Amino acid sequence: MKIDQGLFEEAYETLYPLIHKLSYHITGDVEQAEDLCHEAFIKYFERKKPLPDINQTKYWLIRVVKNISLNYEKKKFRQRKAIEKLKRSAPLTADSAEHEYIKKETISRIQRALDKIPYRLRMAVVLKEYAGLNYKEIGAILGISEGNVKIRIFRARQRLAQILKEETEHVSWR
Amino acid sequence: MCPGGETLSAYLDNEVEGPWKKVIEEHLTLCLSCKHKIDEMIFTREQLALESAPDFRASQERGRSYLAGLNSIEQVSFWRRRVALPLPAAAAAVLLLIILGFSTLLLSLHTDYRFMSIRTQPSGSSEVLVTAPIDDLERILKSLELNSSRQEIIIQLPKELNFFVVGEAEMFRAAEYKRNKVW
Ligand SMILES: [Zn+2]
């Protein structure tokens with residue numbers, strides 16, 4: 001048995017904005033967010049058993065995003081390493097430096113700050129701030145205790161505040 | 001005594017239970033240091049809240065059209081899809097590898113293929129190699145069907161065979177899209 005078409009349509013309509021938003025804040029990249037988001041819905045589409053309601057579907061999709069995004073994160077980490085290595089061996093040309101600059105400018109400072117904090121902290125704080133979930137729900141999705149959620153969110157806030165503060169100081173110095 | 005940063009953060013998220021909530025509330029009216037800490041957290045939270053994600057609508061549309069394509073493919077059952085795949089139209093040779101429990105059984109079958117050899121395996125069973133033109137495939141299969149009790153058949157197609165996609169080109173294309181992620 002396949003998921004009913006109407007049910008799928010409803011989920012796609014109502015949940016796409018949220019899943020897209022979460023995917024973006026987790027990956028910090030528009031293209032990756034789209035890929036991640038589509039992948040999650042394809043997984044839902046291919047599910048054999050329908051989920052009881054839209055809320056359950058929402059949790060299920062968020063969990064899928066969490067699972068897939070870990071692969072993205074690993075890939076990003078490897079790419080960053082490779083880029084750093086490349087930069088060390090060949091200094092940036094004017095062109096690529098400009099490209100880097102433009103890319104950085106188009107991503108907001110908040111998203112850049114989110115990108116800088118560790119994945120596990122980012123995941124927790126994104127689910128709190130952008131999905132509006134409570135600690136219990138976040139714990140269930142991430143497979144950790146509520147106490148752990150509390151710690152991760154606090155640390156994420158601490159790091160974010162630090163990064164944003166440093167940035168402001170840096171800007172005012174110039 | 002001041003509550004820890006984690007507790008203040010949880011308080012901000014409304015995750016602190018009844019009596020403790022009261023205690024923290026009171027403490028915040030008295031302690032400047034904690035008030036400052038929580039104000040900083042509120043400020044960070046507000047900044048995050050102001051941050052908007054890029055528009056999702058174009059992305060949603062792209063996903064929708066992709067899924068629509070996927071849906072039409074899903075409706076073709078696996079079984080039908082298999083049968084619908086065309087056998088190579090190009091004339092080519094087929095190598096039939098037949099392992100029989102009893103070689104005699106095979107010998108009573110069609111033995112008029114020129115390129116046939118029988119080898120005895122260490123296990124005692126016989127391996128019969130038949131090289132046959134593809135036109136004869138149907139006949140071979142038919143004769144095997146009649147004696148299908150204890151046979152293992154491996155059909156090996158020559159490596160240089162070219163397959164022409166006759167039907168269901170869409171399916172291949174869709175699979176290609178999925179692999180390349182160009183949607
Ligand atoms: Zn205090």
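How many helices and how many strands are there in chain B? Chain B has 8 helices and 4 strands, where helices (H or I, at least four residues) and strands (E, at least two) are DSSP runs numbered from the N terminus. The model shown in these views is predicted, so that local features need pLDDT of at least 70 and side-chain atom pairs count only at pLDDT 80 or more, whereas totals for chains, interfaces and linings use all residues. Residues are numbered from 1 along each chain as its sequence is written, chains are lettered from A and ligands numbered from 1 in the order in which they are written, and side-chain values use heavy atoms, with hydrogens and water left out.

**View 1. The two chains and their elements.** Read along the sequence, the elements of chain B follow the order α-α-α-α-α-β-α-β-β-α-β-α, while chain A, with 8 helices and 0 strands, runs α-α-α-α-α-α-α-α from its N terminus. Of the 174 residues of chain A, 45% count as buried, a class that means under 20% relative accessible area, with exposed meaning over 50% and partly exposed in between (1.4 Å probe, protein chains only). For chain B the buried share is 31% of 183 residues. Contact means heavy atoms within 4.5 Å, and among the contacts in chain A between residues at least 6 apart in sequence, 69% join residues at least 24 apart. In chain B, residues 24 or more positions apart account for 65% of the contacts with a separation of 6 or more.

**View 2. The zinc site of chain B.** The zinc ion has as its protein donors B:C2 (SG), B:H27 (NE2), B:C31 (SG) and B:C34 (SG), at 2.0 to 2.3 Å; donors are N, O and S atoms within 2.8 Å of the metal (3.2 Å for Na, K and Ca), and sites may look incomplete because water is not among the atoms. The 4 donor atoms subtend angles of 101 to 113° around the zinc ion, and the arrangement is therefore tetrahedral, a label given to four donors if all angles lie between 85 and 135 degrees. Along the sequence the spacing of the donor residues is C-x24-H-x3-C-x2-C. Distant parts of the chain are linked by the pair B:C2, in the segment before helix 1 (5-12) of chain B, and B:C34, in helix 3 (residues 32-50) of chain B, which stand 32 residues apart. B:C2 is partly exposed at 41% relative accessibility, whereas B:C34 is buried at 0%.

**View 3. Helix 3 and helix 6 of chain A.** Helix 3 (residues 54-89) and helix 6 (residues 119-129) of chain A pack at an angle of about 145°, with their axes 11 Å apart; axes are lines fitted to C-alpha atoms, for helices over the stretch in contact, and angles run from 0 to 180 degrees between N-to-C directions. From helix 3 of chain A, A:I62, A:K66, A:S69, A:L70, A:E73 and A:K76 meet A:Y119, A:R122, A:M123 and A:L127 of helix 6 of chain A. A:E73, placed in helix 3 of chain A, is buried at 15% relative accessibility and touches A:I26, A:Y119 and A:R122, not counting residues up to four places away in sequence.

**View 4. The loop residue B:N14.** B:N14 lies in the loop between helix 1 and helix 2 (18-30) of chain B. Phi of B:N14 is near 60°, a positive value in a residue other than glycine, and B:N14 is exposed, with a relative accessible area of 54%.

Technical notes:
Tetrahedral: all angles 85-135°; square planar, octahedral: opposite > 155°, others 65-115°.
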